[in-house]
Amino acid sequence: MKYGFRVQRRNPTLFFVPSLYTIAKGQRNYIGETYGTLSTSNKDKPALLNAQLVSGNISHYRKIMPILSEFLTIQPYSPTLIGQNILSPFHTDNHIFYRYKTNYISKYVRLLHYTPRIENTQLVSGTALINDSTGQILSASLHGEYEMLQFNMMLELDNTGKTVIKSETNTDFRFFGNRILSNFLSYSNCPITLPDSAQMRYQSNCTLMDTLRPVPLTAHEQSVYKMIDSINNRANNDSIPQRNSALHKLRKGAWDFIGDNLLSSIDMGNSRSYIRLSPIFNPFYFAYSPSNGLSYKMRAGAEYQFSERTSISFNPLMGYNFKYKQFFFSAPLRYTFHKEHDTWVEYTWSNGNRITNSSVLKMIEHERMDTIDFSTLGLDYFRDNSFKIAFNSGIGKHLNINIATVYHRRAAMQRTLMQLLGKPDVYRSFAPSLTITWMPSASLPIFTANYERAISNVFKSDMIYERWEFDASYSKKMRRLRMLSARIGGGFYTNRSTNYFVDFENFHATYLPYSWNDDWSGHFQLLNSEWYNASKYYLRSNITYESPLMVISHLPWIGKFTETERIYLNTLIIEHTQPPYMELGYGFTNKICSVALYGNLLNWNIKEVGCKFTMELFRHW
């Protein structure tokens, strides 16, 4: 692979673009080359495994526009060209989105022209040379837009028409006055193979790269390499005092660390382990909704494999909700005994469920009979710390058993007031649980049943209850990236000695953001958090239909940038909703953000209209 970057224009806003900190200052021309091995897996999708040799003026541990590597995995015959993005003009399911024209250029080869029927970032235009007798693609050009990159791509395929042996991509990135041009060239099936032991050993060996390079450098690329040599020679001959040199290196290292990790994720690993951390500042994980206000989260992960079957992993999730002024986290530590059978034991510490307890408030108001409005004092809000140990194992291919014990410590947010009123400010519960998951087949719903029973006087636990929950979820992928998702579930309490803390496993408030691809379709967006704990039973359903190029994409101006659209229908039955509570919604996502508009119905009257908003900017960077 050979790649180059030219900084045409830049300003301080370039520092806030993930992976572009390196070129936001200093030089304006960068070049890099990588020689390594590719393997084919996942339906012949190539993946870069080993970078055996690198050269250029880009540090080997930094990545500039890593999104460009996704162009290496172009699959012309698949429904989408890049991951789940850009509908391929060469797949039969997508012919309704394109116009085609052909003409012969020789006896056995015809030239295919294709253009989108509507202007949209999910469609491309271009030409292709087609073997008329077999229908195989010989070469193709693609012109379009992906993740704020305007791109032109040329592909050459082998004699079978199945494998891309050469690809060249030119991109134009523009952002708030910045403009960066890039070129990305890759060759497959190079004649020389380096030994595996050479991996990264020759990472700066330009002489060796000269012997491996399948095409010569351009005049511009040669000038960049000469500039690199000149800078290196000047640095070696520089007579800066040692103290100032050390201070300079320290400052540079500190700024590089901040720049590398402020908006770029940390991703390190080898064949047996990895460490991942989302950026310190990541617009992708900011979200706003009427019920929860503004929130932000970060993800982290680490894993070490002892063998192919056993491993230990730690995948914490952290976030802050600005409306409730609370830091939330969930920290699961898992040891896997047998990956194939999904057998593991896991310990999780979390405080992610900020629970309300209206029963406590009603009890206080009934006993006191004062003129004080206790509802304004926040006495019904509790912080919930939970500690859970779970053992999971698969039985065959279709059944999964999960045995767990969970301990809750719920502390009142107004502990002093609760003590003055003579009421407990901390409630504890200890409960074993059993969860059975049945997966009949890939084309049928997944069924889950959960039973949990609390035991008193264990670690000072003072609650007794018995809870049942049942859930069925179904997701059907259809042609042209359409998807139908449905979830139906219910739960109820039995053998309950107290009305405190109605807390269901599958029906509770979520205070951290979740993006378009996380789980927008399984939540109630306008439901007040108190409703989750106001009933001893619930019955819910969530239905979502998703499709690209559905409604807004056909409108002028804004339609061009709409990637995927959704329609939502959420229904809920609890003790206090007759007839059912309903939410209707419509949402869309693009390269900048995801937006959904909701309206809810209570007693067949419109009660509230709201909007959910999450940032999607640079989500693939």
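Modeller: Let us begin with Lys339, which counts as partly exposed because its relative accessibility is 32%, where buried means under 20% relative accessible area, exposed over 50% and partly exposed in between (1.4 Å probe, protein chains only). This is a predicted model, in which local features need pLDDT of at least 70 and side-chain atom pairs count only at pLDDT 80 or more, while totals for chains, interfaces and linings use all residues. Residues are numbered from 1 along each chain as its sequence is written, and side-chain values use heavy atoms, with hydrogens and water left out.

Colleague: What makes the contact of Glu303 and Lys339 a salt bridge?

Modeller: A salt bridge requires a side-chain nitrogen of Lys or Arg within 4 Å of a carboxyl oxygen of Asp or Glu. For Glu303 and Lys339 the N to O distance is 3.8 Å, so the pair qualifies. Glu303 lies in strand E16 and Lys339 in the loop between strands E19 (326–338) and E20 (343–350), so parts 36 residues apart in sequence are tied together. Strands (E, at least two residues) are DSSP runs, numbered from the N terminus.

Colleague: Why is Glu303 called buried?

Modeller: Its relative accessibility is 18%, and the limit is under 20%; Glu303 therefore counts as buried.

Colleague: Which parts of the chain does the pair of Glu119 and Lys560 tie together?

Modeller: Their closest N and O atoms are 3.4 Å apart, in a salt bridge. Glu119 lies in the loop between strands E7 (109–116) and E8 (126–131), and Lys560 in the loop between strands E28 (537–547) and E29 (564–573), so the pair ties together parts 441 residues apart in sequence.

Colleague: Why is Glu119 called exposed?

Modeller: Glu119 has 55% relative accessibility, so it counts as exposed. Lys560, at 26%, counts as partly exposed.

Colleague: What makes E15 and E16 a pair of strands?

Modeller: Two strands pair if DSSP finds at least two bridges between them. E15 (residues 286–289) and E16 (residues 293–305) have four bridges, in the antiparallel sense, so they pair.
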